[in-house]
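Please read these numbered points with the model open beside you, and look up each pair of residues as it comes up.

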Amino acid sequence: MHGFQRSHTDRARQGAPGDAPPRLEGHPLVPLATALVDGSGRILHWSEDAEALTGYPADEAVGALAAPLLVPESERPRVVGMFEKIMAGRGWSGVFSVRHRDGRLVELEFRTYPIAGPGGVPMLLATASSVLAVRQVEGDLAVLDGFFTQSPIGMAVYDADLRYVRLNNALARINGVPVADHIGRRISEVLPGINSAEIEAVMRQVLATGRPVVDARSHGRTPGDPRRDRAWSASYFRLEDAGGRVLGVSSSIIDVSERFQAEARASRAQERLALLAEATAGIGTTLDLQKTAEELIAAVVPRFADFAAVDLLDPVLRGEEPSELAPDRGVKLRAVAVGEAYESGLTSAADSVGETTEYDSRRVYTECLRSGRPLVRSHVDEQILTALVSDETRVKPGIDAGIHSYLMVPIMARGMVLGGAEFVRMRNPEPFSTADVALAEELVARAAIALDNARLYRRERETALTLQRSLLPQEIHRTLGLEIAYRYLPSSVVSEVGGDWFDVVPLSCGRVALVVGDVMGHGIRAAATMGQLRTVARTLATLDLPPEQVLTRLDETATGIGEGQFATCICAVYDPVDRTCTVAAAGHLPPIIVSPDGTAKVVELPPGVPLGVGGVAFESTEFTLPEGALVALYTDGLVERRGQDIDHGIGLLCHTLAGRARTLEESCDAALAALVADASEDDIAMIMARALPVAGDRIATLALEGTGSVPGMARRFTRSTLSHWGLGSLVDIAELTVSELVTNALLHAGAPRRLRLFRDRTLTIEVSDAGGQAPRIRSEAEQDEGGRGMHLVSELAHRWGTRPTRAGKVVWAELELPLGR
C-alpha cells in the first residue's frame, strides 16, 4: 500500500500545476467505479459501482476484453492507442463515453493508474464517475452556504508546522474525535493508529514545492472505528496569501476502504495465481515420490502456510494401486515430506520423514480421506487439535507452537486416495479462508498427478528391474583355480532399465567362461534382447565352442532379433590346469590384467564389430594368466563419462586396480568408488577373476606314447591316481571309460596324445588327440563289427563331449563323485 501511495504521488507531482482542484469522487451520492485490467486489456476486477454505471454485472465483465465490451467500434483504435500510452507509464484523466449494456452511451470521468502487479507485470487500475452526477453535486455544493462546514468530504487546514487549524465535521466524524480536540495538534497526536509519518512527509513536500498531491493513500484504525482497518484517499494543496506567503496546507479526504479492500482482494488473488503458476512449474520435475512431495512443501512454505506435511499410504510408496478406504477400517500413512518456515518446535512433535502413523476409522482425518473433501479448521483450540492428531501427546506441543488454523486436503488421483497434505498457520495471523482452501485443493491436485505418475513409474521400473535381475545369474558357482567377484549396478539416472549383462558359465574339464555384454539403448526392449543374447551365449559356451565361434553364432542371433538391435560382448574361457585364457570381443572394451607384482595393463584384442552387424568373422587371443594375476571385464558404464574421453576412464580403472594387494571384493569396491558418482548415467556390469593354484590332488596328467600298450598304461595310471585320491569306488568305471576313450583315439584319430584326470564337482577324464573329427554314437545297423565304445562311454558317464583345440581335439567324460567327495 505504501508503494502504491508513492507511485500515485509521483505521478500527481509530474502533472501538477495545471491539475484541476480536487474532485468529489468519494461523495456518497456519486458512484465511484473501479476496475483492474491486465496488459492484454482483459478485465480482472469489476466493482459494484462499475456494475451500476455500465449495466454489466461482474460475472459478465470479469475475464472479458474491456474495449469490445465498453467502447463503440469507431472509437476502439483511439482507445487502444491511449491504452498503450497509459501502460507505458503515462497516466491519463479525462472524460470519455462508454457503451452501457442497454446500448446507450454514458459519459464518465476517468482516472487511470498504471501499476505493477506480481512479478512486475504491468496492470491498469481505473476509477470512473458519472459526469452528470459529479456536475450535479458540484453545482449543488457551489450554491450551498457553509461549503466547508457542511461538506460530506473530510476537509482540513494545517499550518506550516502541520498542526490542525480548521476541519469540518465530516472529518471529525471520520476520525471519531471532536473538532476541538484536533485544533493545535498534529495528525500523529490525534490519530496514532494510522500511518501518520508517511502522511506528514507528503504534506511537507507539498509545502516545500507547491505542487499539489492527489490520491495520497493513508490507512489504519481511528477512534471512530477502532476494530476495523480503514483506508482513505487524500488530496493536498498549498495555501498562500495574495503575496505568495505560505500559510499552510489544505486537504480533502474521502474514505476508500471498500476500494482498498477490493484492491487488496485483487492483490491477494494475484498472489494466489502467482503461487499457483510457480508451483505448477516447480512440482513434478522428477518421477520421484519423495522429491515431488518436497516440491509441494517448498511451494507453500512460507508463502501459504507456516508448516506443511505430506503423508502417503504405504501401498503408494510401494508403487501399488491403493485400495478403496473401507468405512470400518483405519488408515496407515507414512510421512514423506515435512517443512516449516521457522523453528517452532512443531516439526519435532509431528511425524518425521519415514515415520508411520495410524488413524482409526472414527478419526476426522480418516473420515476426510474417505470423503475426498478438504478438512479445514479456521480457528484451532486444544479441543479441536485433540480431535485432529493421532496421539494426544502432540496436542500441547502444537498449542505451544501457536497453531491457530489448520487445513488438510486429501491427495487424490484417478479417483483414488494416495494420502493427505496438511497445512498449518502459526505466525501468519490470517485463518484459512474459502479462497485458501480452493488454492490448496488446486495445488494438491497438481501434486497428486505428479505423485501418481511417480508411483506408476516406480511400479513399472521395479517390474522391469525385477525382470532384468531375473535374467542375470542368480548364483555364481565356485570355480576351481579361479576366484571370482562381480558387480551389477542399474542406472539411477536413465528412466528405463538397460541391457548390460554378465555371466559365469562352468564348462567341462574345470574350465569356465566369463561373458560380459551390453545391448545398446535402454528400455524393456533392450532388457529383452539382453535376456535372449545371454541365454544363447550361455548355451553356446556350454557346447565347448571357442570364444570366437560363440561370438559368431551370437552375432547371427542378434541379427535375427530385429533391425537396430546391436550389442557389444566379450567372451573369455579360462582353463585352470594350464592357466590359459582365450578371449574374443565384439566391439567391446578390452580387458585389464593386473599381474602378481601389481602392474596393470590393457589387453590388446583383435578389432571386432558389435553383435547384430552380421557377416563379420571374430578372432580370439590366447594368453597365460599367471598365478595370482587378476583379469577384469566390464561394460562402458563403468569408464565412460559425458565430456571425457573413454581412454581416460580406462586409464583410471587401470590405475585403481594396480598397486597394493586387495581382495577381489575390495578391488570391485575400489573401482566403483573411483569411477562411479552417486548417480550413474548407465548400467554397470563388471567381473573380476584371479588365478589361484590348483592342488596336486585335483589333477593328474599322463603323456600317451606308442600304440600297443597305451590303453593298458592309461588304465594303470587311472587306477593308481584314483586310489591315491581316495576314489577307489570309481576305479572300475573310470578304467573302462579311459580304455574306451584311448582305444577310440587309436582307431579313429591316429594316436592319443594325453590323458588328464581332473577332480572338481565331478571326475573328468580327458583324452586329447590330433584328429579333427568328433566321435559319434553309431546306429545299431553300423555296429555289427564294432563301434560300441562310445555307446559304452555314454552309458557309464554322467555326460560326455568333445571340444576342438589348436592341435586337434579333446574327448572328455564326467563321472559323478561319491557322496561326501
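**Salt bridges in the model**

1. Glu766 and Arg756 are both buried, where buried means under 20% relative accessible area, exposed means over 50% and partly exposed lies in between, for a 1.4 Å probe and protein chains only. These residues form a salt bridge with their closest N and O atoms 3.0 Å apart, the term meaning that a side-chain nitrogen of Lys or Arg is within 4 Å of a carboxyl oxygen of Asp or Glu. Salt bridges with shared partners join Asp575, Arg756, Glu766 and Arg803 into one network.

2. This is a predicted model, in which local features need pLDDT of at least 70 and side-chain atom pairs count only at pLDDT 80 or more, while totals for chains, interfaces and linings use all residues. Residues are numbered from 1 along each chain as its sequence is written, and side-chain values use heavy atoms, with hydrogens and water left out.

3. The structure holds 32 salt bridges, and one of them pairs Arg217 with Asp215, whose closest N and O atoms are 3.2 Å apart. Arg217 is buried, with a relative accessible area of 1%, and Asp215 is also buried, at 3%.

4. Asp669 and Arg487 meet through their side chains in a salt bridge of 2.8 Å, N to O. This pair links distant parts of the chain, 182 residues apart, with Asp669 in helix 23 (residues 664–675) and Arg487 in strand 17 (residues 482–489); helices (H or I, at least four residues) and strands (E, at least two) are DSSP runs numbered from the N terminus. Asp669 is partly exposed at 42% relative accessibility, whereas Arg487 is buried at 17%.
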